[in-house]
Amino acid sequence: MFSFAIGKKKIITVSVILGIIAIIGFVVVKHIIAARPFVYAGTLETTKVILAARVSSDIASFSVAEGDAVSVGDPLLELSCDTYKVLAHQIDNDYQRATALAEKGHMSQAEFDVMSRNKQDNDLKLGWCKIKSPIDGMVITKFREPGEIVAPGAALISLANPYDIWAYFYVPYEMLHKLRVGQTVTGFLPEADDMKFTGKIIKISEEAEFTPKNVQTREERTRLVYGVKVRFNNSDLVLKSGMTIESTLLNE
């Protein structure tokens, strides 16, 4: 009976010790987690340009394919613009005759101005038939094919600048005093062994908004947050539009 009591006492003592160790471990882990900075996630985006038709015509040809790199001024595609080419022949002849008559004083200035405006208008539309790249970048999507007829405003081709890449992070009000425009931060890709990228805060929203719908939990979506735009260095083109990047948004 005595030995049983001793054994029971030992069991109780061991249980108490294990309980204390578990509590201490829980407190330590909780302290470590609490001390770790919160990580914000954002979706990467790039500067995109969608070029649309300015005149009604059919597409004559494309000079580029999807994935091609382009520079400012490079030809992208050409519209046939047959109607404007026919008009150009007639308008140019009329303009030459009008110029000769005006020089001899046989045409009023008002009549000559009308002819000049007609020529300038048609020349402008002919210029719109040759579509060139407004940015240095890459061809992302061709929305049409040669031979298709398009109306003014119809999307033709989209470009993106993969070097100009950024993400919006949404932070609570109490985080704002820690951030400033021009601040350098570090972003990392969890799927790539936390590969790091240098970023710079270029914009902090002045107005609160609800967390975007793509945030997973309902509680987070109903919070009022402020958008922080961070541009990342992408000189090696590792970062791609649509990827998720994470950051503590603190100087590191």
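Arg144 is partly exposed, with a relative accessible area of 26%; partly exposed sits between buried, under 20% relative accessible area, and exposed, over 50% (1.4 Å probe, protein chains only). Its side chain meets that of Glu148 in a salt bridge, at 3.7 Å from N to O. A salt bridge here means a side-chain nitrogen of Lys or Arg within 4 Å of a carboxyl oxygen of Asp or Glu. Keep in mind that this is a predicted model, where local features need pLDDT of at least 70 and side-chain atom pairs count only at pLDDT 80 or more, while totals for chains, interfaces and linings use all residues. Residues are numbered from 1 along each chain as its sequence is written, and side-chain values use heavy atoms, with hydrogens and water left out.

**Salt bridges**

- The structure has 6 salt bridges.
- Glu148, the partner of Arg144, is partly exposed too, at 29% relative accessible area.
- Asp164 and Arg231 pair up through their side chains, with N and O 2.8 Å apart.
- That pair links distant parts of the chain, 67 residues apart: Asp164 is in strand 8 (residues 155–171) and Arg231 in strand 12 (residues 224–232).
- Buried or exposed: which is Asp164? Asp164 is buried, at a relative accessible area of 18%, whereas Arg231 counts as partly exposed at 35%.

- Lys119 forms a salt bridge with Asp92, and their closest N and O atoms are 2.9 Å apart.
- Lys119 lies in helix 3 (residues 109–128) and Asp92 in helix 2 (residues 82–103), so this bridge ties together parts 27 residues apart in sequence.
- Asp92 is partly exposed, with 26% relative accessible area.
- Asp123 joins in as well: Asp92, Lys119 and Asp123 are linked in a network of salt bridges.

**The whole protein**

- There are 4 helices and 13 strands; helices (H or I, at least four residues) and strands (E, at least two) are DSSP runs, numbered from the N terminus.
- The protein has 252 residues, and 29% of them count as buried.
- How much of the contact total comes from residues 24 or more positions apart? They account for 74% of the contacts with a separation of 6 or more, where contact means heavy atoms within 4.5 Å.
- The accessible surface is about 16,300 Å², and 58% of that belongs to carbon and sulfur atoms; the areas come from the Shrake-Rupley method with a 1.4 Å probe, and for residues only the protein chains shown count as cover.
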